[in-house]
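Keep the picture open while you read.

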Amino acid sequence: MKLNRRKLLSLLGASPGLLAGSGTESGQQRNTRQSSVAAERRIVAVSPKGTPPPITLSAMALRLDTLEGKTIYMVDTGFFGGGALLQGMQGWFQQNLPSVQTVFRKKAGVYAEDDPKLWAEIKAHGNAAIMAIGH
Amino acid sequence: MGVPSVPIITREYVDLAKATAARRGMPRERITFTPHPIWGRTSAELIAILGGADPVSGRPLMREITDALTVPLSTEEKKVGIENVSVGPPVYGPDTLDNLQELLMANGMTDYMPIIIPTEEKVEAMLQGTSHGADEVLRKSIEGVGYESAQWGFTVRQVAVNAVMAGCRPDFFPVVLAMASVGQLGLFGSTTSSSTSLVINGPIRDKLNMNYGLGALSPFAQANATIGRCWTLMGKNLTPGGVPGDTYQGGQGNNLDYNNLVIAEDEKSSPWPPLHTQFGFKAEESVVSIFGGPDVRQGHGAKGAGVAENAKFDEQMSFMFQSMVGGSGALVICDPLVAKRLVEQGYDAKSKLADWLWKNTQRTAKDFRESFLAYVHLYPLALQGREPYATWYKLPDDTMIPFFPRADQINFVVCGGQANAFFQVANMNHGRSASIDKWM
């Protein structure tokens, strides 16, 4: 069994470097140096990463010329605080942009679930949407 | 959706929001931010937030929102097409062992403990542990884990690299492949810091010298230690999981993530059929079952746990359940002494004990409705008319309802050295079970 002398010495609190610089080089020291060289051998590691799919870029929807007279859906995903924030925002629109009609909706399902019915409703009856994630 | 839209998110999730938008194909999505958290704020505080600045851009928040809906799109925002994603080079080096340790750690590929450097030779040796081809695609796409895991694919060889790094032996590899085949890997990204338990049944336990006796849940066997570790490494490397602030949001994190509570069941000492037979597998099959949830706690903290004569383990378990996240399940880890005593008390089938616990662990409808999990996960289901939640949301406040929606959410597994009649309760749900034999 080969002893890893570097490791052994470090466990004993002695630096291998101290011995490397002392006296003449005995056969044992030569062996140690060869072991060190082996420890410093250069190797190649294989990447552990998986393979991500390419990303398909989606164009963003064209923006509105103005919000005046438009209908904005306020969508609460169901996380804490999101609904209350959006209801406060409805008040802000009423006060600052009264011609904007706001419609509050809670997205169906747990927060990460899709809600195609709601998206269809927004597309049919809304001009824009604000979605609050909460937390 | 087809109409201009703008998400509003708390500032804690800046990186997550931007990374998610990019992965979903809209890297320049106009995202607005509020201070964090908004949960628990009064109406007056929320109105003040709306009147204040977006903490990321520094601009007035409502101006940011209205501009996001009205300022014309830039050329970059209109861009469509395909963008490839790089995860770095296929190999690292040549370099020294120490430098490669540092390099893989610095690139977030380890659990910050020393790994076995995955050389080509070691990976080839690992691949000898299965009859499956190295280039076999194990998963073309993965359902989202936590918030956004996107659809990363991986092969048998890529799993083998992670198994080498974790310190697995080639004969452990079929267990790792079975785990990887379920489509959900380690490091669940939720703010709840949920983790995993990996329960292993069948002849493989003895072939790999897994420890299911004294100290079964502690670091006393190579297979128990490294298989659990590998689950986390796979979560970090075979999916985009485990990136704090991006795909990992566990507020306090979870120490279980280092090993993922590997449990080899003591099938010989258990008076009940082994766990995997409940999920449709034969007793002689080797199977890994994956559970997920927030924590594990010691049963000897239960009320009445110090009563020496005729210990009522059923009541102790029920007591332990009361502070758990009720929508999640329970995985009760019984020392054989506890299991045998329960049988003596009449629970000759696990289902009898699960039924008793389901019926006798209750809370008021009000307590249910005010619980964290109910609000976030179960109230939306109630709105969709899903039972029993729809009914539970209509009940008077003081009506008593079961703590767990179903009795089969309570599972039992047996292990331990019979040093004392103790049990532990993991607040964890059964997710999937997978055949290990299939990957031999």
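Which residue does Ala45(A) stand opposite in S4(B)? It's Tyr92(B). Keep in mind that this is a predicted model. The pair belongs to a spot where strands from two chains line up: S1(A), and strand S4 (residues 91–95) of chain B, pair in the antiparallel sense over three bridges.

Now zoom out to the whole contact. Chain A puts in 53 residues and chain B puts in 82 residues. On the side of chain A that touches chain B, the elements giving two or more residues are strand S1 (43–46), strand S2 (55–57), helix H4 (82–96), helix H5 (116–125) and strand S5 (128–134) of chain A. S5(A) gives the most to that side, with seven residues. Sort the residues on this side of chain A by type, and you get 34 nonpolar, 14 polar and five charged.

Next, hop over to chain B and find strand S15 (residues 423–426). Phe423(B) and Val425(B) point one way from the strand, while Gln424(B) and Ala426(B) point the other way, and all are buried. S15(B) pairs with strand S10 (residues 296–298) of chain B, and bridges also join S15(B) to strand S11 (residues 330–334) of chain B. Val425(B) turns up in both pairings: it is the bridge partner of Arg297(B), and Val332(B) stands opposite it too.

Here are the strand pairings side by side:

| Strands | Sense | Bridges |
|---|---|---|
| S1(A) and S4(B) | antiparallel | three bridges |
| S10(B) and S15(B) | antiparallel | three bridges |
| S11(B) and S15(B) | antiparallel | four bridges |

Key:
Residues are numbered from 1 along each chain as its sequence is written. Chains are lettered from A and ligands numbered from 1 in the order in which they are written. This is a predicted model: local features need pLDDT of at least 70, side-chain atom pairs count only at pLDDT 80 or more; totals for chains, interfaces and linings use all residues. Two residues are in contact if their C-beta atoms, placed from the backbone, lie within 7 Å. Ala, Val, Leu, Ile, Met, Phe, Trp, Tyr, Cys and Pro count as nonpolar, Asp, Glu, Lys and Arg as charged, and the others, Gly among them, as polar. Two strands pair if DSSP finds at least two bridges between them. A residue is buried if 20 or more other C-beta atoms lie within 10 Å of its own, exposed if 12 or fewer, and partly exposed in between; C-beta atoms are placed from the backbone.
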